Amino acid sequence: MRLEVNLNGSSVDFEADPTTTLLDWLRSRGLTGTKEGCGIGVCGACTVLAGGRPVSACLTLIGTLDGETLLTVEGVAETDPALIDAFVECEAMQCGICTPGQVMAAAAAKRAGVGAAADVDSEIREWLDGNLCRCTGYETIIAAVRTYLER
Ligand code: FES
Ligand code: FES
């Protein structure tokens, strides 16, 4: 199947088996920032943005994405380094497997305008609800996202 997507700001025209997952397709292109945790749509480690909305790349088939605009953690690192910097400054990772997915959920929250409300922490928790971390206990992650949204 012939497909075209906008990937991290560049148009990509390619041939692919439409049943390939977005996760496998990204990683086969060398974009290994997107991680596989559970592989069944539960942990959020594989989160990327499609049309500005967070999706689980492990469950999304590439054949459904023709004409879509995709943003991965590599794109965020290039266009919005303040988000990555906030995670580093707040030491919001241990093993790092969940981190790219947390970063992408934060990017989606920013696009949705989160940050203006007084109770921003509860909004952040809602946006990160689908992103599980086995290491940090979440407080440093919340702090990183708050730091980012307040900048
Ligand atoms: S690897 Fe996709 S949700 Fe866990
Ligand atoms: S830092 Fe290890 S799973 Fe989150």
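User: Which helices do the buried residues of H6 pack against?

Analyst: Start with the terms: buried means under 20% relative accessible area, with exposed over 50% and partly exposed in between (1.4 Å probe, protein chains only). Contact means heavy atoms within 4.5 Å. Helices (H or I, at least four residues) and strands (E, at least two) are DSSP runs, numbered from the N terminus. Here, the buried residues of H6 pack against helix H3 (81-89), helix H4 (99-111) and helix H5 (120-127). One caveat: this is a predicted model, where local features need pLDDT of at least 70, side-chain atom pairs count only at pLDDT 80 or more, and totals for chains, interfaces and linings use all residues. Side-chain values use heavy atoms, leaving out hydrogens and water, residues are numbered from 1 along each chain as its sequence is written, and chains are lettered from A and ligands numbered from 1 in the order in which they are written.

User: Which residues of H6 are buried?

Analyst: An α-helix has 3.6 residues a turn, so residues three or four places apart point the same way. In H6 the buried set is Ile141, Ile142, Ala143, Ala144, Val145, Tyr148 and Leu149.

User: How many residues does H6 have, and what does it span?

Analyst: The expected span is 1.5 Å times one less than the number of residues. H6 (residues 139-150) has twelve residues and reaches 16 Å from first C-alpha to last, close to the 16 Å expected.

User: And what about the whole fold?

Analyst: Six helices and five strands, running β-β-α-β-β-β-α-α-α-α-α along the sequence. Of its 151 residues, 43% count as buried. The C-alpha trace spans about 45 × 30 × 20 Å along its principal axes.
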